[in-house]
Amino acid sequence: MIALGCDHGGYALKQEIIKYLDEHGLEYRDFGTYSTESCDYPEYARAVAEAILGGVCDRGILICGTGIGISIAANRFPGIRAANCTDCFMAEATRQHNDANILALGGRVVGVGTALKIVDTFLNTEFSHDERHQRRIEKIEEVSNHG
């Protein structure tokens with residue numbers, strides 16, 4: 001299951017992603033926001049991160065105006081690896097190399113067509129399980145746990 005979250009700057013793009021997920025028969029849970037009314041993206045980053053860490057969802061998609069703020073907020077949670085992607089190469093690389101569990105997008109940065117291609121790439125690319133990439137992820141987790 002995919003966790004979705006956005007602030008007001010990402011609401012329109014989230015609606016397009018929901019259409020894509022519905023068309024492809026993919027299960028998701030929408031953690032909000034549900035309008036274009038101004039709100040604070042850390043609340044939605046928290047909800048999606050907690051859904052993943054709690055095992056409710058496998059991966060997440062977060063959207064704010066640029067994708068930057070919401071990815072920073074999500075990455076504050078140990079075990080979350082949120083990547084702000086603006087093209088398919090980034091989405092593929094972050095899944096293969098970083099085992100990213102959250103895709104962050106900028107609703108005011110990436111057009112709908114490109115965003116949907118990025119989502120497709122992110123959801124359909126697996127982690128490589130290469131020893132060097134696994135080692136690096138473990139080091140990231142050590143840092144995030146202040147080790």
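User: Where is Thr 33 found?
Analyst: Thr 33 is in the loop between β2 and α2. Helices here are DSSP runs of H or I with at least four residues, strands are runs of E with at least two, and both are numbered from the N terminus. A cis peptide bond joins Gly 32 and Thr 33, with omega about -5°.

User: Before we go on, what kind of model is this?
Analyst: It's a predicted model: local features need pLDDT of at least 70 and side-chain atom pairs count only at pLDDT 80 or more, while totals for chains, interfaces and linings use all residues. Residues are numbered from 1 along each chain as its sequence is written, and side-chain values use heavy atoms, with hydrogens and water left out.

User: Okay. Is Thr 36 buried or exposed?
Analyst: Exposed, because Thr 36 has a relative accessible area of 57%. The cut-offs are under 20% for buried and over 50% for exposed, with partly exposed in between (1.4 Å probe, protein chains only). Thr 36 is placed in the loop between β2 (28-30) and α2 (41-53).

User: What does Thr 36 touch, leaving aside neighbours within four places in sequence?
Analyst: His 8 and Tyr 11. Contact means heavy atoms within 4.5 Å. Thr 36 and Ala 12 are also 7.9 Å apart in space, C-alpha to C-alpha, although 24 residues separate them in sequence.

User: Switching to helices: how do α1 and α5 cross?
Analyst: The axes of α1 (residues 11-23) and α5 (residues 112-124) come within 10 Å and cross at roughly 50°. That makes α1 oblique to α5. Axes are lines fitted to C-alpha atoms, for helices over the stretch in contact, and angles run from 0 to 180 degrees between N-to-C directions. Under 35 degrees counts as roughly parallel, over 145 as roughly antiparallel, 65 to 115 as roughly perpendicular, and the rest as oblique.

User: Which residues meet there?
Analyst: From α1, Leu 13, Glu 16, Ile 17, Tyr 20 and Leu 21; from α5, Val 112, Ala 115, Leu 116, Val 119, Asp 120, Leu 123 and Asn 124. They divide into nine nonpolar, one polar and two charged. Nonpolar covers Ala, Val, Leu, Ile, Met, Phe, Trp, Tyr, Cys and Pro, charged covers Asp, Glu, Lys and Arg, and the others, Gly among them, are polar.

User: And how do α4 and α5 cross?
Analyst: Their axes come within 8 Å and cross at roughly 20°. That makes α4 roughly parallel to α5. Cys 88, Ala 91, Glu 92, Thr 94 and Arg 95 of α4 make the contact with Lys 117, Ile 118, Thr 121 and Phe 122 of α5.

User: Tell me about Thr 94. Buried or exposed?
Analyst: Thr 94 is buried, with a relative accessible area of 7%. Its place is in α4 (residues 88-98). Beyond neighbours within four places in sequence, Thr 94 contacts Ala 83, Cys 85, Asp 99, Ala 100 and Phe 122.

User: What's up with phi of Asp 99?
Analyst: Phi of Asp 99 is near 50°, a positive value in a residue other than glycine. Asp 99 is in the loop between α4 and β5 (102-106).

User: Last topic: how many disulfides?
Analyst: The count is zero, taking a disulfide as a pair of cysteine sulfur atoms within 2.5 Å. For Cys 64, the nearest cysteine sulfur is that of Cys 6, 9.6 Å away. Cys 64 is buried, at 4% relative accessible area.
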